[in-house]
Amino acid sequence: MSVTADDLKNGSVFLSEDERSVGIIDQTQLPNRQVYLNLTEAEEMYDAIKKLAVRGAPAIGIFAGYAMYVLALHEDAESADAFRASMQKKADYLNSSRPTAVNLSWALKRQMKVIEDHADKSVPELISLLKKEAVAIHTEDIEMCTRIAEYGLTLVKEGDGILTHCNAGPLATSKYGTSIGPVLLGKERGIDLKVFADETRPLLQGARLTSYELERAGVDVTLICDNMASLVMKNGWVQACFVGCDRVAANGDFANKIGTSGVAILAKHYGIPFYTLGPTSTIDMNCPTGEDIQIELRDPEEIKNMWYKEPMALGETKCYNPSFDVTDHSLLTAIVTDRGIVYPPFDVNLKKLFAEDQDK
């Protein structure tokens, strides 16, 4: 496919018109307000990731690519060595904002490799190369999401019901997104699918973001509370579950928004295919199993206070608020990637997926 300039500008993450800041849609303001932010400082970039103004593993990767370029523009280091050392500190700082999503560290390492591989270049030349690489990361993600949507669409048929959890649409990625990419691509091609969107407590990404995206696209979407998924499945309204992923381990275990593993268990019980959809950059072959994935713990106030005029629990009540859980590979029907659909045994077939790189 051919990626256009409009494709690069119309997503949830983009390079500003003057190319000196990273532009984002502030996802904390949706669906009631569409607010754009232009970020130039490392601290505000860190906060944007940490506070979920930009979120979704692929979108965070795109953001990190552009962030490194923008931060480089404001560097005052004169030598390539000093520039590299300073940029490494900034990369480490940004990487500490959200440890679970592999795309963040992947994109930061990719930009640092540009600097390290061109140690003989001047600082202005390095900055130019960082911009080129950031655009490449964004372009590749659009292409990957399109291929994921194509592969995912082969798994469903006209009129099927799809249950999804959290948000892995265009806001969390680019172009079509991952988990709802097949739905959006199908809509373009006249293939109508019905979506049941879990609200996704406690941050309500399914309610605020997924239903918002699907409504705007003219898709038949029904919003449900997370604890309604079992009944919807029992009623025979769901023919497949499509979810995103923030990190996939080498054995097929994967981390996604908290509650995903519960959906997988329900799907197994009702005999419904359960798929995770994501780019190959989300697969971490250096992570043996889900036990090795670091799970981010978030502020308990997100449970007690965030969406309420008054607290919904006593101030002294303890809360446990993990942002992600890990779904065991035994519950997974297949992993839909930009390189194709990977079926069990995942430990064998994921290695085959990456063997292509070693053969090149």
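Colleague: Take Ala, Val, Leu, Ile, Met, Phe, Trp, Tyr, Cys and Pro as nonpolar, Asp, Glu, Lys and Arg as charged, and the others, Gly among them, as polar. How do the residues lining the second largest pocket divide?

Modeller: Into eight nonpolar, five polar and eight charged. A pocket here is an open set of points on a 1 Å grid over the protein atoms alone, with protein on both sides within 12 Å along at least five of seven lines, and lining residues have an atom within 4 Å of a point.

Colleague: What sort of model is this?

Modeller: The model is predicted, so local features need pLDDT of at least 70 and side-chain atom pairs count only at pLDDT 80 or more, while totals for chains, interfaces and linings use all residues. Residues are numbered from 1 along each chain as its sequence is written, and side-chain values use heavy atoms, with hydrogens and water left out.

Colleague: Which elements give two or more residues to it?

Modeller: Helix 5, helix 6, strand 11 (283-284) and helix 12 (346-359). Helices (H or I, at least four residues) and strands (E, at least two) are DSSP runs, numbered from the N terminus. Helix 5 has the largest share of the lining, with five residues.

Colleague: And the largest pocket, what is its volume?

Modeller: About 600 Å³. Asn-10, Gly-11, Pro-170, Lys-175 and Glu-213 are the closest to its centre, out of 22 lining residues. Helix 1 (5-9), helix 7 (181-188) and helix 8 (205-216) each give two or more residues to the lining. By class there are ten nonpolar, five polar and seven charged.

Colleague: Asn-10, is that buried or exposed?

Modeller: Exposed, because its relative accessible area is 62%; the cut-offs are under 20% for buried, over 50% for exposed and partly exposed in between, with a 1.4 Å probe and protein chains only. Asn-10 sits in the loop between helix 1 and strand 1.

Colleague: What lines the second largest cavity?

Modeller: Pro-58, Gly-61, Ile-62, Asn-103, Trp-106, Ile-137, Asp-141, Met-144 and Ser-281. Two or more of the lining residues come from each of helix 3, helix 5 (102-117) and helix 6 (123-153). The volume of this cavity is about 40 Å³.

Colleague: Now the packing. Which residues of the largest nonpolar core touch the most other members?

Modeller: Val-13, Val-22, Ile-24, Met-45, Phe-63 and Phe-83, in a core of 44 residues. A nonpolar core is a set of buried Ala, Val, Leu, Ile, Met, Phe, Trp, Tyr and Cys residues joined through side-chain atoms within 4.5 Å. Helix 3 gives this core its largest share, twelve residues.

Colleague: What is Val-22 in contact with?

Modeller: Contact means heavy atoms within 4.5 Å. Leaving aside neighbours within four places in sequence, the partners of Val-22 include Val-13, Leu-37, Met-45, Phe-63 and Val-70. Another core lies apart, with 26 residues, among them Val-232, Val-238, Val-243 and Ala-267.

Colleague: Ala-267 is in helix 10. Which residues of that helix are buried?

Modeller: Thr-260, Ser-261, Val-263, Ala-264 and Ala-267. Down the axis of helix 10 they fall within an arc of 155 degrees, so they line one face of the helix; the arc is that of the directions from the helix axis to the C-beta atoms. Exposed Ile-265 and His-269 are on the face turned away from the buried side.

Terms used:
On a 1 Å grid over the protein atoms alone, a cavity is a set of points where a 1.4 Å probe fits but cannot get out, and a pocket is an open set with protein on both sides within 12 Å along at least five of seven lines; lining residues have an atom within 4 Å of a point. Grid points are joined across faces, edges and corners, and a volume is the space filled by probe spheres set on the points.
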